[in-house]
Amino acid sequence: MELSREAIVEGLQRILGPEHVVTDEEVLRQRSIDNFRKLESIFGVHTLPPPAAVAMVGSTEDVAAVLAFADEHGVNVVPRTGGTATEGGLETHVPDSVVVDGSRMSSILAVDAYDMQATVQCGVPLQALEDAARAVGLTTGHSPQSKPVAHLGGLVATRSIGQFSTLYGGIEDLVVGLEAVFPGGHVTRIKNVPRRAAGPDVRHVVIGNEGALCFITEVTVKLFPYMPENNAYLGWTLKSMRHGFEVLREVMVAGYKPSVARLYDPEDGGIHFSRFAAGDDCVLLFMAEGNRGIAEATAAGIAEIVARHPECVPVEARLIQEWFEDLTWGPDKIAAEDERIRTTRNVNRTTEVSAGWSTIHAIYEAAVTRIRAEIPGITVLGGHSSHSYVNGTNMYFNYFYDLGDVPPEEEATRIYLPIVAIICEETLARGGSIVHHHGIGKARAPWVRDEYGSSYLILERLKRAFDPTGVMNRGTIIPS
Ligand SMILES: Cc1cc2nc3c(=O)[nH]c(=O)nc-3n(C[C@H](O)[C@H](O)[C@H](O)COP(=O)(O)OP(=O)(O)OC[C@H]3O[C@@H](n4cnc5c(N)ncnc54)[C@H](O)[C@@H]3O)c2cc1C
C-alpha cells in the first residue's frame with residue numbers, strides 16, 4: 001500500500017531522528033528542481049511536486065536504512081550531494097519523493113601520499129579535497145568549473161570532467177574504488193587497486209548512474225604531484241573553427257598531453273577574450289603542466305606544431321594565464337548570474353556533446369545554423385571545444401536568449417529544450433554522443449534510446465536488475 005506523505009516523514013524520522021528530516025516547505029520547493037529549471041527558483045515560480053522530505057543521511061548505515069524503507073514502500077528516491085546538477089537529475093517529478101541528501105557525509109577519510117590516493121565520503125566538496133591534497137604537495141587533477149560547490153558523490157554519479165582532463169582524464173579515469181548502497185539497502189564496496197582484469201569493471205555500473213541505480217557513499221580517487229611552478233600557457237587567435245579543429249587534432253594525434261586544450265569560436269570567445277581577440281577571432285589555447293621536463297617538452301612540441309600554421313597569431317602567455325585563473329564558479333558567481341537573469345530576463349544556457357574529429361565541425365556548424373534559424377530571441381550563440389582525445393573532441397555550446405513573453409516557468413520546455421533537441425539531433429545524425437559530461441538527467445532522457453541504439457538493452461537490463469521496484473530517481477537516464 002502507498003504510504004501517505006505523513007507516514008513517509010514519520011518513517012524517515014524513526015530512522016534518522018527528526019533533526020535530520022527536513023520538511024520546511026520553502027526548502028522542499030527548492031529541492032524539487034536543479035539548474036535545468038533554475039528560472040523557477042530565480043523567479044520563485046515552482047511547478048513540480050515538492051518532495052515529502054529531505055533525508056539528511058549521516059552514514060552508510062543511514063543510507064542503507066532509508067533505501068530499504070523506500071524500496072519496501074515504493075517511495076521514489078532522489079539522491080543529492082552538491083546540488084549543482086544541470087540536467088534535471090534532481091527533479092522530483094514523482095509526488096512525495098524523498099531527497100536523500102549526502103552533504104552531511106563530509107569527512108575526508110584518508111589522503112595517502114604513498115599509494116597516491118584519497119578516500120572521502122560522498123558529501124566532501126571537491127575544493128575541500130583539493131585543498132587537503134595541496135597541503136601535502138598533491139592534486140586530484142580534477143577541476144570542473146563547479147569545483148567549489150560540487151561534491152564527490154555527485155561528481156562520480158554524473159561522470160564529471162574537469163578543465164585538466166586532457167592530461168588527467170575524466171572522473172572515470174580517477175576513481176580507484178568506491179562504496180555504494182543499492183535499493184533495498186545492500187552495501188557494496190569495490191576495492192582500491194591500480195588495475196584489475198577480473199571480468200567486467202563493475203566500477204562503471206556505479207560511475208555515471210546519476211542516482212538511478214544506487215547511492216554512492218564513499219569514493220577513492222587518484223592523487224598526483226602538484227607542480228604549478230612549471231605551468232606553461234600558450235594561446236593563438238585564428239579566423240576559422242574548421243582550421244582550429246585541424247590544429248587541435250594535430251596536437252592530440254602527435255601524442256602531446258597538455259592539461260588544457262581549448263578552441264573557442266568568435267561569439268563564445270568574445271565573452272572571455274575581448275582583451276586580445278577581435279570580433280571575428282577564434283581562440284586556441286593550451287596549458288602544459290607537471291614535471292618540468294614534461295611541461296617544457298609539451299609546450300615546445302605544441303608551439304612547433306602551431307608554428308606550421310601561419311594563420312595562427314600568438315597571444316601573450318600572461319593573458320591566457322590571467323583568464324584561466326578566474327575560471328571556476330563558486331557561490332558568488334552563481335548568485336550574480338542568477339541576479340543578472342532576474343533583472344535582464346536574458347538567460348545563459350549550455351549543452352555539451354562529443355564526436356570524432358571527422359564530424360565535430362559539421363555538428364557545430366549544423367547546430368548553430370539551425371538554432372539561429374529556428375529559435376527566436378537568441379542574443380549570443382557560440383561554443384568551444386574543451387576536452388580533446390586522440391580520436392575526437394567535445395563541443396560545448398554556449399548560448400544566451402531573451403525570455404520575451406515566455407513565462408519563466410515555461411522557459412526550460414519552450415526555449416531551452418528545443419535548442420537541446422536541435423543539438424542532439426545534429427549530433428546523433430553524425431554518430432556523436434549527446435552528452436559529453438553533464439549527464440542525461442531527465443532533460444536529455446527523451447534521446448537516450450537513440451544515443452544507445454542496440455546497446456540500450458544493456459542499460460535497461462541494468463536498471464531492471466538493480467532497481468526492480470523502480471524507486472531510484474524515476475525518469476532519470478531511463479525515461480519514465
Ligand atoms: C556553474 C557550474 C559549472 C559546472 N561545471 C562543470 C564542469 O566543468 N564539468 C562537469 O562535469 N560538470 C560541471 N557542472 C555540472 C555539475 O557540477 C556536475 O554534474 C557535478 O558532477 C554534480 O555534482 P553535485 O555534487 O553537485 O551533484 P548533484 O547536483 O547533487 O547531483 C547530480 C546527479 O547525481 C546524482 N547524485 C548526487 N549524489 C549522488 C550520490 N551520492 N549517489 C548517487 N547519485 C548521486 C543526483 O541524483 C543527480 O542526478 C557544472 C555545473 C554548474 C552549475
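Val136 sits in the loop that runs between α5, residues 126-134, and β7, residues 138-139. With a relative accessible area of 48%, Val136 is partly exposed. Before I go further, please keep in mind that this is a predicted model.

How many residues surround the ligand? There are 32 of them, and the closest are Pro79, Thr84, Ala85, Ser146 and Thr158. What kinds of residue are they? The shell around the ligand divides into twelve nonpolar, 18 polar and two charged residues.

The side chain of Ser146, already named among the closest residues, places an N or O atom 2.6 Å from an oxygen atom of the ligand. Gln145 takes part through its backbone, where an N or O atom lies 2.8 Å from a ligand oxygen. His151 also uses the backbone: one of its polar atoms there is 2.9 Å from an oxygen atom of the ligand. As for cover, the ligand taken alone exposes 970 Å², and the protein buries 95% of that.

Which elements give two or more residues to that shell? They are β3, residues 77-80, α6, residues 152-157, and β10. Of these, α6 gives the most, with four residues.

Most residues other than glycine have a negative phi. Glu210 has a positive one, near 55 degrees. You will find Glu210 in the loop between α9, residues 203-206, and β10, residues 215-222. Is Glu210 buried or exposed? It counts as buried, because its relative accessibility is 13%, and the cut-off for buried is under 20%.

Ile477 is the other case I picked out, with a positive phi near 65 degrees. Ile477 lies in the segment after α18, which covers residues 456-466. Ile477 also counts as buried, at 9% relative accessibility.

On to charges. Side chains of opposite charge can pair when their charged atoms come close. For this model the count comes to 29 salt bridges, and I will show you a few.

We can begin with Glu316 and Arg318, whose side chains meet in a salt bridge at 3.0 Å, N to O. Glu316 is partly exposed, with a relative accessible area of 45%, and Arg318 is partly exposed too, at 41%.

Glu339 forms a salt bridge with Arg342, and their closest N and O atoms are 2.9 Å apart. Both residues lie in α14, residues 331-344, where they are three residues apart, about one turn of the helix. Glu339 counts as partly exposed at 38% relative accessibility, and Arg342 is partly exposed with a relative accessible area of 40%.

Which pair links distant parts of the chain? Here we turn to Arg444 and Glu352, whose side chains meet in a salt bridge of 2.3 Å, N to O. Arg444 belongs to the loop between α16, residues 411-429, and α17, residues 448-452, while Glu352 is in strand β16, residues 346-356, and the two are 92 residues apart. Are these two buried or exposed? Both Arg444 and Glu352 are buried.

There is also a network to look at: Arg370, Glu374, Glu425, Glu426 and Arg430 are linked by salt bridges.

One last stop, for anyone who likes to get their bearings in the fold. Pro50 has its place in the loop between α3, residues 38-43, and β2, residues 53-56. Pro50 is partly exposed, with a relative accessible area of 31%. Pro50 and Ala180 are 130 residues apart in sequence, and from C-alpha to C-alpha they are 26 Å apart in space.

Terms used: Residues numbered from 1 in each chain as written. Predicted model: local features only at pLDDT ≥ 70, side-chain atom pairs only at ≥ 80, totals over all residues. Heavy atoms only, no water. Buried < 20%, exposed > 50% of the residue type's maximum accessible area, 1.4 Å probe, protein only. Near = heavy atom within 4 Å. Polar contact = N/O pair within 3.5 Å; in protein donor to acceptor, adjacent residues only side chain to side chain. Areas by Shrake-Rupley, 256 points an atom, 1.4 Å probe, with all protein chains shown as cover. Nonpolar A, V, L, I, M, F, W, Y, C, P; charged D, E, K, R; others polar. Salt bridge = Lys/Arg side-chain N within 4 Å of Asp/Glu carboxyl O.
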